[in-house]
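Colleague: I am new to this structure and would like to go through it with you step by step. Could we begin with the chain as a whole and then turn to single residues?

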Amino acid sequence: MTLRNMRSNGVRSLSVSCWLCHHGAVLAVDRWPDDIPCQASAPRMVCTACGIVGADARPNWTDRAERPSLTGAQWSG
């Protein structure tokens, strides 16, 4: 997934977590170009908790605005 695709889905940041200690952070990517893959810089990131190089970067889906239900939630009690 590129940042362009991620942004078109309403997400403006990445959720990054350390491979070793699982320390997590949210990284704003507004200043990065659209054609960069989400995972492109993750192997070079340095954990601020344990110092290891390498991380897992995924779209921060909690950023996305809530959308109407497609399952008919308006009919539930």
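Colleague: What percentage of the 77 residues in the protein chain is made up of buried residues?

Modeller: This is a predicted model, and totals for the chain use all residues. A residue is called buried when its relative accessible area is under 20%. By that cut-off, the buried share of the 77 residues in the protein chain is 26%.

Colleague: Where does Arg-12 lie, and with which side chain does the side chain of Arg-12 form a polar contact of 3.1 Å?

Modeller: Arg-12 is found in the loop between helix H1 (3–8) and strand S1 (13–18). Leaving aside neighbours within four places in sequence, Arg-12 is in contact with several residues, among them Met-6, Ala-28 and Asp-63. Asp-30 is also one of these contacts, and the side chain joined to that of Arg-12 by the polar contact of 3.1 Å is that of Asp-30.

Colleague: Is Ser-13 buried or exposed?

Modeller: Ser-13 lies in strand S1, and, not counting residues up to four places away in sequence, Ser-13 touches residues including Val-26, Leu-27, Pro-59 and Asn-60. Its relative accessible area is 4%, and because the cut-off for burial is under 20%, Ser-13 counts as buried. Arg-12, by contrast, has a relative accessible area of 40% and is partly exposed, whereas the value for Ser-13 is 4%.

Colleague: Which residue's side chain makes a polar contact with the side chain of Ser-13?

Modeller: Among the residues that Ser-13 touches, leaving out those up to four places away in sequence, are Met-6 and Asp-63. The side-chain polar contact of Ser-13 has a distance of 2.6 Å, and the partner is Asp-63.

Conventions:
Residues numbered from 1 in each chain as written. Predicted model: local features only at pLDDT ≥ 70, side-chain atom pairs only at ≥ 80, totals over all residues. Heavy atoms only, no water. Helix = DSSP H or I, 4+ residues; strand = E, 2+ residues; numbered from the N terminus. Buried < 20%, exposed > 50% of the residue type's maximum accessible area, 1.4 Å probe, protein only. Contact = heavy atoms within 4.5 Å. Polar contact = N/O pair within 3.5 Å; in protein donor to acceptor, adjacent residues only side chain to side chain.
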